[in-house]
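Colleague: Please walk me through the salt bridges in this one, with the cut-offs you used. I'd like the close-up version, inside a chain first and then across the interface.

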2 protein chains.
Amino acid sequence: MKTRAQHRATTAPSSAGDSAGNSPGAPAEAPGTRERIVRAASALMQRQGYDATAIKQISQEADATLGSVYHFFPGGKQELAVAAVHRGDEEFSGILREILDAEPDPVAALTALTDSLAEGLRDSDWADGCPVTATALGTAGRLPDIQRAAAAAFDRWQGLVREKLTASGVPGDEAADLACTVISTLEGAELAAQVTRDDRPLRLAGTHLARLVSLSLDR
Amino acid sequence: MKTRAQHRATTAPSSAGDSAGNSPGAPAEAPGTRERIVRAASALMQRQGYDATAIKQISQEADATLGSVYHFFPGGKQELAVAAVHRGDEEFSGILREILDAEPDPVAALTALTDSLAEGLRDSDWADGCPVTATALGTAGRLPDIQRAAAAAFDRWQGLVREKLTASGVPGDEAADLACTVISTLEGAELAAQVTRDDRPLRLAGTHLARLVSLSLDR
DNA sequence: GTCTATAACTCGATAGAC
DNA sequence: GTCTATCGAGTTATAGAC
C-alpha cells in the first residue's frame, strides 16, 4: 500500500493550474518553482498549522527565494494557505479514491482506509495528520478564504464516500448521511491518534465504522 | 440546558490548585488575577490556537499586565498553554459529566451531548470548538508538554464515557473501545461542523453513535 | 523570474521601579 | 503583586537591481 508521502511525491505536477509547470507527456520531470512552493507550504502547514509556518521557512524548504514566493502569490500568506489547502484536498482525495476503488467491498475498504491513515501517521512519527485540518482549525473564524477552501475539501471527501456507498446499494439519503459521519470519524480518529501518539483510535474507528456501514448494507 | 460559555462562567474559581484564588465558602466572589489569566488564555487559544494567541492579548483580555502574566507563569507561553489545556479538560469533563449524569439512557445521553455541542458552536457563531483541539493540534509534534496535557484530557473524557457504558451493561473491553470511538467521532464532528459552519455533522454523529451503542446494548 | 536588502511591525521575555 | 519600558529576534511584505 502506498504511504501518504509516496503519494505526494508521485502526484502529477500540473494538476492544479500550474502556470509555470511542466508540459504534460514528459515522464518524471522536475517540478517548477510554483509547484515546489505549494508542496512545501502544504507539507509545513499540515504539520505546524498556519501561524507557526513562516513564509521564509516555506521558501527555504522549496529552494526558492522570498521574492519568488511573492511573485507567484501576490496575495501573500493567505493566498498561499488557500493553495496549500487545495493541494491537501487533492492529496487526500487521491488517497480516498485509490483505496475506495481498489477494494470492492465498502466495509473492507473502510478498514483499509483507517489502516492507511494509521500507517502514514506512524511513518511520520505522528507528525503528518490530515493535510487541511491544522491549517483550517487555527484560521476558521478569522480568515474566511481558508475556511471556505477547507469546507469545500470536506464536502468533496464526503462525496467520494457517498458514491462508494450508493454504488454498494445504500439508498441515496442514507448514503449521504453515513458518508458525513465517516469523514467526521476519520478526522476525529486521526486527530486523537496524533495527539495521543497511538494508532488505537484509528484502528477502533475502522472496526466501528465497518459495523455501522454493515447495518445499512444488510437489508 | 447549559451552554458552554455559561458553564465556563459558573465554574468554581478554585478548582485547579489556584494558589492566589479565593477562599472556599464565599459565594460568587470575583476571580483572582491568576484565574482571569487562565480563563482568557483558554478561551483565546480555543478559538485561535497556540501560535495565533499573543500573551499581550491574553493579558488585555484578562485585565492584567504583562508582568502579572509572567509572575504567575514564569515558564512563559508554554506553561500558560499547559494550564489552558488543563482548564479546557476540566471544562469539557464538566459538560460531559453533567449530561451523562442527567440522562440515564446512554443512547439518549449521546444525542443530548451532540445537541449540546451543536448549541455551543451555533451560539458562538462557530468560533468555540473543542477547548483543547486547536491548542493541541498546532503544537503536537513541537511542544511535548502541551501534547501530553492534551493526551491526558482525551484519556479522561474517554474514561467518563466508558464508565457510563459499563454502568449501562456494556462489557468492559467493549465499553472502552466504544468510548474511544465516541470521543473520536465527537471531536471530528465538532471539527467538521466548525469548518463547514453547519451543525449537520454533529446531528448525524449523534444518531449514528446512538445506533452504534444500541448494538452493544441489546444482547 | 530570481535575488538581496530593508522597511514596518509584532513577538516573547526581562529588568527594575513601586 | 503590579506596572512600564525595552531588548533582541523574528514576522510579513515591499522595492528595486539584475
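Modeller: Searching the whole structure turns up 24 salt bridges over all chains, a salt bridge being a side-chain nitrogen of Lys or Arg within 4 Å of a carboxyl oxygen of Asp or Glu. Keep in mind that this is a predicted model, where local features need pLDDT of at least 70, side-chain atom pairs count only at pLDDT 80 or more, and totals for chains, interfaces and linings use all residues. As for bookkeeping, residues are numbered from 1 along each chain as its sequence is written, chains are lettered from A and ligands numbered from 1 in the order in which they are written, and side-chain values use heavy atoms, with hydrogens and water left out.

Let's start inside chain A. A:Arg39 and A:Glu35 pair up at 2.8 Å, N to O. Both sit in helix α2 of chain A, four residues apart, about one turn of the helix; helices here are DSSP runs (H or I, at least four residues), numbered from the N terminus. A:Glu35 counts as buried because its relative accessibility is 3% (buried is under 20% relative accessible area, exposed over 50%, partly exposed in between, with a 1.4 Å probe and protein chains only).

A:Arg156 and A:Asp89 make another bridge, with their closest N and O atoms 3.7 Å apart. This one links distant parts of the chain: A:Arg156 belongs to helix α8 and A:Asp89 to helix α5 (residues 77-102), 67 residues apart. A:Asp89 has a relative accessible area of 5%, so it is buried, whereas A:Arg156, at 39%, is partly exposed.

Then there's A:Asp199 with A:Arg203, whose closest N and O atoms are 2.5 Å apart. A:Asp199 is buried at 13%, while A:Arg203 is partly exposed at 44%. Elsewhere, bridges with shared partners tie A:Glu35, A:Arg39, A:Arg87 and A:Glu90 into one network.

Now the interface. Between chain A and chain B the rule finds four salt bridges, one of them joining B:Arg200 to A:Asp177 at 3.2 Å, N to O. On chain A, the elements giving two or more residues to the side that touches chain B are α2 (33-48), α7 (133-139), α8 (144-167), α9 (172-196) and α10 (200-217). Of these, α9(A) gives the most, with 16 residues. The contact (heavy atoms within 4.5 Å) takes 41 residues from chain A and 41 residues from chain B.
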